Structures are given as C-alpha cells and as structure tokens.
Amino acid sequence: MASRDVAFWKEAINDEMDSIMSNQTWELVDLPPGSKPIGCKWVFRRKYHTDGMIQTFKARLVAKGFKQREGIDYFDTYVPVARTTSIRILFALASIHNLFVHQMDVKTAFLNGDLNEEVYMEQPEGFVLLGNENKVCKLVKSLYGLKQAPKQWHEKFDHAILSDGFRHNNVDKCLYSKTCDDYMVIVCLYVDDMLILSDDMKGIIETKRFLSTTFKMKDLREVDTILGIKVKRNSGGYALNQTHYIEKVVSKFSHLKIKDANTPFDSSIKLEKNNGRSVAQLEYASAIGSLMYAAQCTRADISFAVSKLSRFTSNPSVEHWKAIGRVLGYLKNTKELSLQYSKFPAIIEGYSDASWISSVGDNLSTTGWVFTLGGGAVSWGSKKQTCISHSTMEAEFIALAATGKEAEWLRDLMMDIPFTANNVSTVSIHCDSQATLARAYSGVYNGKSRHISIRHEYVRQLIQNGIISISFVRSSGNLADPFTKPLTRDLVRITSRGMGLKLLK
C-alpha cells in the first residue's frame, strides 16, 4: 500500500473481492463449538508479457490450506492436467489439418468449485465487517490455497462441458472433443488455461459462447503463449519456442560465468557420485528444475544431459556444476531454436535407442525414444533403465519395450481425436539393432533372457495386434541417439533438425 503502484494494487484487490462476493464464496456465521478457523492472506504479483512489459497487477486472496486436517477438512486432492505431449500433438495436428487454435483463461477458476466439507476461515484483512468482527467465513465454494480447490474446480468444469455434448478422450481426461454437422472442436484444459481447436471458426465461437455463459472467462483470441511457451503461426504450421524462458534462466544463473557451447554435454567427462561435501545443493536442485521444464516442453535436445545431471541433485560437486554451466551455455547459444510443425508427414513415427552400461557405478544402461508428427517431435524420453542388461541387444530390447508403451498410448490418444480417428495406422518404430529386431519378431523363448521375458512378450503382442511395427535404421539416422549419450557438434545439429528444432524463417 506504500508503493507507487498503490492505485493498481487497490484495483486488483477490489476486483478479487468482487469476484469472491459475486460468486457467493462464503457466508458469515458464528464459529461452531469445537471448530477452528483457518487463516487467509493476500498474495500480490505482477504478471508480465513475454517481452518483459507488465501485463497486469494480480491480487489473490489465499486460504492457509496448510492448516487443514486430512480426513476432517479435506479428503482427495488430486486433479488431472493435460500432458505436454498432448498439447504438442494438438499443435502438430493443427499444422497438418490447418486448424484454428484459440485460447481462453478462466478468471478465478478455483472459486467455481463447490465444497463438500465444512471449512471455516477468518475474515480477510482489510475486509472485516464492522459489528461482525467475531464472525467467521463459512466457505460454500472453494478458495485458492485450499487442499481440495483444484479437484473441486476440475469436477465443476468436467460436469459443465460434458453437459454440452463434449466427451472425454479415452487416455487423456483433460482433452474434450465434440463433433457436429458443421464442425469438429477440441478443448484442452490445463488447470485454468484452455486451448480450443476447430476446423471452422463457428466451432470456436460457439464453444467460447458456451464457456463464457457458464464461467467468468477471459478471451485471449488466437493462441500466443501457453504454459510459458511462445506459439507462432506461419504458412507452414505452428512453431513453439521458449526463448524468453531460456533468457530468464540464463540470467538467473549468470554468476556461473556461462560460456557459449555447441553441445549440451561434454562426451569426455565421466560424472561420478560425489562422496565429499555438497556444493550449493538447493541452488543445484533449482537449476535442474529450470532445465527440466525446457527439456519437457520444447528442448528435446537437452533431455539426456538433464536426465544425467538430475541423478546428482542430492549431493552435487564442482564437476556437476560445470556440466550445468555447459547445458546453460548450449541453451544460450541456441535459444532461438523453435520446435516447428508442418503439414507433412501426417503419421507418427518413432525411434528407439539404448546405450549399454552408460551409468558409472551401478552398471545400468540408458533408454531413449522420440516420436515425430508433422515434421516435429511430439514425445521423447531419456531414462536410466531399472534392470541390468547382459548385452547391447538386451539394453536395446528394454528400450524398445518402453518405446512401444509410449507408442500404444499415442495411438490410443490419436484414435480418439476426431480429426485423426479414421486415419490412425500401425505406429512404425525405427531401431538400429538387427539383433533386437530379430528377437522382437521371434517367438522362441530363451531362458537366458528370462529377466526381460515380460517385455519380450509385451513387444510381440504389440506387433501381433498391429499397434507397432519395427524396422531397421542406421545409427546415423536414428533420432533417438541424442537421448542415450553425448554427441559431437555436427550430430547434435543434424538430430536437432530431424526433431524439428530449427530457426524461424
């Protein structure tokens, strides 16, 4: 209240209280005997555009949910959100089928949820009613900060949108689709952010009208930024980048004296467990979290490095910090890269790879996979395997089973999306091991491999049911290669382009 922006903050506070009161979030009552009210506090935040300009001043009244008691004040707290993989697939499909993609935001989303439990809260600071100072707020609707608030909001939205003729996607419950005579429309929900896709503007307009009459909505028109990812549309399709996010992360860790790098990981370095004193452990965890978000959203090329470095979060050393600086230097050098989608190819293709005994100390191998659609990567992973493999072939087979599992999920997702439901075929997975290929198509069981027999049977079933097919590809053309080991500069550039990571024209 003492800042020069006091007028903006007061307006933000009044907006928040108007939303709360118009929503009839609580009623003033005397506190019943034996009950204990939870507190609340104001949280203030400036929201910025991606160019650094202030977008809005936000004031939020938040309940002190950490004082709630499980089994008394709340029960379930879980809430589903759309996978980032689903969001990337939607942008790939929008590029292939030339769909309209708009965005909406729910104002004070959590205030819409209905509470089933009795929760009492102290009156908010600055808004204690005269003559009723001893009364408390009995919450009728959920409030930000409550343990059950996300779950109650999702239930309310779910019920509302299903009543309008939408239906769930079978594998991602935050994707809703609707087919009408004139159009097909998809709504993707991530907490309170919504993407609306349709092949006709009529579908977008009618969906927006329904949502606006049901909830207090903010129409953000054509999609610009979703979950901190900048979205650009061009003649070829959609491109996703995190340039502004990378700049922010690099600036945050500028004290590391970051130098530009051409590869995310130095192949000559063998990182080992630190048995000495930990070096800035909390800051290291923060750096890993920051890099992980980039790797999860658009920067598939740093997945191996982030996966490798995250194993040392509990006790990092100076060597681990140097490797972090290397990843940041690579991101700084390539921050303009965008994950681009185009009209072709219109089918999903997968790549599987493994690096045998790549983890020093525990003799475990690394699994890597990537799937592309519309010329860009939509799903990828780099993970340490959980069982010891006795040969390169076994390591590759374990990786193939993990890739097959993701392929099955992707195929089921696509089969339940109106634009692709009738065009989904067998997912082709490329593997660079002839021995693994022979084992996958062989029905002969070898007792020496009994520790991977379940994976063997699973892959064979996927092939027999027409869900996947496996074909050979040379290592030089395997896009999953950078997910299992460090590569040279030229190979990093080639595989990145193969995954759709390019400079915007």
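Let's start with K485, which is partly exposed, with a relative accessible area of 30%. Keep in mind, everyone, that this is a predicted model. The side chain of K485 meets that of D481 in a salt bridge, at 2.5 Å from N to O. D481, for its part, counts as buried, at 9% relative accessibility.

First up, R60 and E16. They form a salt bridge whose closest N and O atoms are 3.4 Å apart. R60 sits in strand β3, residues 54–63, while E16 belongs to helix α1, residues 6–22, so this pair ties together parts that lie 44 residues apart in sequence. Are these two buried or exposed? R60 is buried, with a relative accessible area of 15%, and E16 is buried too, at 3%.

Next, R83 and E406, whose side chains meet in a salt bridge at 3.2 Å, N to O. This one links distant parts of the chain: R83 is in the loop between β3 and α2, E406 is in helix α9 (residues 392–415), and 323 residues separate them. R83 is partly exposed, with 34% relative accessible area, whereas E406 counts as buried at 9%.

Finally, a word on the annotation. An unreviewed UniProt entry gives residues 23–264 as "domain: Reverse transcriptase Ty1/copia-type". Over that stretch the chain is 21% helix and 30% strand, and its end C-alpha atoms are 50 Å apart. Thanks, folks!

Methods:
Residues numbered from 1 in each chain as written. Predicted model: local features only at pLDDT ≥ 70, side-chain atom pairs only at ≥ 80, totals over all residues. Heavy atoms only, no water. UniProt positions renumbered as here; feature names shortened; annotations may be inferred. Helix = DSSP H or I, 4+ residues; strand = E, 2+ residues; numbered from the N terminus. Salt bridge = Lys/Arg side-chain N within 4 Å of Asp/Glu carboxyl O. Buried < 20%, exposed > 50% of the residue type's maximum accessible area, 1.4 Å probe, protein only.
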